[in-house]
Amino acid sequence: MRAARLIKLVLLLQARPSMTGPELAQELEVSERTVARDVLSLSEAGVPVYADRGRSGGYRLIGGYRTRLTGLGRSEAEALFLSGVPSALREMGLADAASAARLKVSAALLPELRDAATGAAQRFHLDAPAWYQEPRTPALLPAVAGAVWDDRRITARYLRKDTEVERQLEPYGLVLKAGVWYLAARAQGDFRVYRVDRFTAVEVPDGGEGSGEDGAQGPTGGGGRFLRDEAFDLPAFWAERAAQFARSLLREEVVVRLSAHGVRRLPHVTERAAAEEAIDAARSGDGPDAQGRLTVRLAVESAEVAYAQLLGLGPEGEVLHPPALRERFAAAARRTAALYA
């Protein structure tokens, strides 16, 4: 444990010019006194850690000191090689860079750990696209990815419904969701999400430009690097927007009476968050009735979608409202009963 902590301390100081005792203590989850003892041990072992005294002081490495990755354990090395998504890297045009990086990391590992890459690849594989969909890589994805890496503005034309519009974008990050690439970008001061496969042309100001399928070059626009908002958190932003999008689709409401098994099944046949919210609200309200059934008010995209989804409950769910949807289920039940008569 202490050896791993010492390695992490050195790596933290390699990544930042200077860190205070309280900052290191928080990162390492130890006391400041333990940090001071660890720094002393590193100094005695020949690692050039220097302590600046005073209110603005802290710890730093001197002389451009760098450590090799010989402190990695097997599980850490295997986790490192699992962190890449080969198909995504290939689509963004980063396969060669990723391969070179893996070779360099492998060369720095202890000999007995150099099979970690092969072992990880043989045991785990991420297949990002959804079932029954042919994955298509957007032609302009490499140009967009390059701009994301370089914090470089782009001028993009994209399809919005039946019209093509042009925007100046500050591309912050890319998200691969079920085989579809999305760009999180700042436009006119607000963060928005764009589907990359709807871009028809992209121009990057340093001359790296993309073209549409017809071969036409992207429009001329302003350029230069933008100053990234360091507070921007891509995973948190995506989670919030995804939740907002899911909620925006649920414009109607149905009332369903569920058996105990139906309660367990509901999150698997409808939108999970909406189902769990409806179940929690019903339990905290009137609760189950005398027959043990729970009546929930469920947000749905439409009556048509609710019909397709709730059919999966079979006799474990009874639609009470709206009346037209209830009659549709009753008719379906009569037809099903006739088949088995």
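This is a predicted model: local features need pLDDT of at least 70, side-chain atom pairs count only at pLDDT 80 or more; totals for chains, interfaces and linings use all residues.
User: Are helices H10 and H11 roughly parallel or roughly antiparallel?

Analyst: Helix H10 spans residues 260-269, and helix H11 spans residues 272-284. Their axes come within 7 Å and cross at roughly 150°. Angles over 145 degrees count as roughly antiparallel. Therefore H10 is, relative to H11, roughly antiparallel.

User: Is the crossing of H10 and H11 left-handed or right-handed?

Analyst: The axes of the two helices cross at roughly 150°. The handedness of the H10 and H11 crossing is right-handed.

User: Which residues of H10 and H11 make the contact, and how many of them are charged?

Analyst: H10 supplies Val263, Leu266, Pro267 and His268. H11 supplies Arg272, Ala275, Glu276, Ile279 and Arg283. By class, the contact has 5 nonpolar residues and 1 polar residue. The charged residues number 3.

User: How much space lies in the largest pocket, and which residues are closest to its centre?

Analyst: The space in the largest pocket is about 790 Å³. Its lining takes in 19 residues. Closest to the centre are Tyr182, Val193, Arg195, Arg198 and Phe245.

User: How many residues of the lining of the largest pocket are nonpolar?

Analyst: The lining holds 7 charged residues and 1 polar residue. The nonpolar count is 11.

Key
Residues are numbered from 1 along each chain as its sequence is written. Side-chain values use heavy atoms; hydrogens and water are left out. Axes are lines fitted to C-alpha atoms, for helices over the stretch in contact, and angles run from 0 to 180 degrees between N-to-C directions. Helices (H or I, at least four residues) and strands (E, at least two) are DSSP runs, numbered from the N terminus. Angles under 35 degrees count as roughly parallel, over 145 as roughly antiparallel, 65 to 115 as roughly perpendicular and the rest as oblique. A crossing is left-handed if the near helix is turned anticlockwise from the far one by less than a right angle, and right-handed if clockwise. Contact means heavy atoms within 4.5 Å. Ala, Val, Leu, Ile, Met, Phe, Trp, Tyr, Cys and Pro count as nonpolar, Asp, Glu, Lys and Arg as charged, and the others, Gly among them, as polar. On a 1 Å grid over the protein atoms alone, a cavity is a set of points where a 1.4 Å probe fits but cannot get out, and a pocket is an open set with protein on both sides within 12 Å along at least five of seven lines; lining residues have an atom within 4 Å of a point. Grid points are joined across faces, edges and corners, and a volume is the space filled by probe spheres set on the points.
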